[in-house]
Amino acid sequence: MPGEWSVGLCDCFGDFNTFAGCLTFWCPCVTFGRTAEIVDRGSISCCMNGTLYYLLATIGCQWLYGCTKRSSMRTQYNLQESPCLDCCVHFWCGPCALCQEYRELEKRGFNMANGWEGSNKVVGCFHGMTTPPRKQSMCF
C-alpha cells in the first residue's frame, strides 16, 4: 500500500520562506533539475534536466516532463498518487508539485544543492558497496 507524502502539495504557501519555495518561484527549472537528477540517480545531470524543462516551458509542455519524474519518484519511494494523477498535478499545480517533490527529497536526507553525487554518501544509496565500480570502456 502506497505511503503518504511527508510534505503536502500546497505546503509551499504556508512555508514560503524556505529555500525550496523561493527557488521554485524564481527558477522552477533549477528546482526541477535538482529533483530530477536525484530521481534519475545521477544518470542525467541537473543542468540537462533543467534545460530540457526550460525548453519545454517555452512551448507550455513542461508539465509532461514533470509528471514523468513525479511518477518515477512515487515509484521509488512508494508514495500515493495524490491528490490526482501525476500529469494533472503538474498541469494544474506545477510549481506546487515541484516544491513538494524537492522538499520530500530534502526530508529523505538528500542535499539538493549537492546533487546525486554529493548526496549519495549521506543518504547511503550505495549501502553495502565496499568499492566503487570499475570504469568501463569500449573495446575496439
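Arginine 41 sits in the loop that joins helix H3 (28-39) to helix H4 (46-57). Its phi is near 55 degrees, a positive value in a residue other than glycine. Most residues other than glycine have a negative phi, and most peptide bonds are trans. Arginine 41 counts as exposed because its relative accessibility is 53%, and the cut-off for that class is over 50%.

Next, select asparagine 78, which belongs to the loop between H5 and H6. Asparagine 78 is not a glycine either, yet its phi is positive, at about 50 degrees. With a relative accessible area of 43%, asparagine 78 is partly exposed.

The peptide bond from serine 82 to proline 83 is cis, and its omega is near 5 degrees. Proline 83 is placed in the loop between helix H5 (62-77) and helix H6 (86-92).

The tour now turns to the aromatic side chains. A pair of aromatic rings is described by the distance of the centres and the angle of the planes. Six aromatic pairs are counted in the model. Select tryptophan 63 and phenylalanine 91, which form an edge-to-face pair with 5.0 Å from centre to centre and 80 degrees between the planes. Tryptophan 63 lies in helix H5 and phenylalanine 91 in helix H6, so this pair ties together parts that are 28 residues apart in sequence. Tryptophan 63 is partly exposed, at 22% relative accessibility; phenylalanine 91 is also partly exposed, with a relative accessible area of 42%.

Tryptophan 92 counts as exposed, at 66% relative accessibility.

For the next selection, take Phe32, Tyr53 and Tyr65, which form one aromatic cluster.

Finally, colour the chain by pLDDT. The mean pLDDT of the chain is 81, and 79% of its residues reach 70 or more. Select residues 124-137, where the pLDDT is below 50. Where pLDDT is low, the predicted coordinates should not be read in detail.

How values were computed:
Residues are numbered from 1 along each chain as its sequence is written. Side-chain values use heavy atoms; hydrogens and water are left out. Helices (H or I, at least four residues) and strands (E, at least two) are DSSP runs, numbered from the N terminus. Buried means under 20% relative accessible area, exposed over 50%, partly exposed in between (1.4 Å probe, protein chains only). pLDDT is the predictor's confidence in each residue, from 0 to 100. Contact means heavy atoms within 4.5 Å. Rings of Phe, Tyr and Trp (its six-membered ring) pair if their centres lie within 6.5 Å; planes under 30 degrees apart count as stacked, over 60 as edge-to-face and the rest as tilted.
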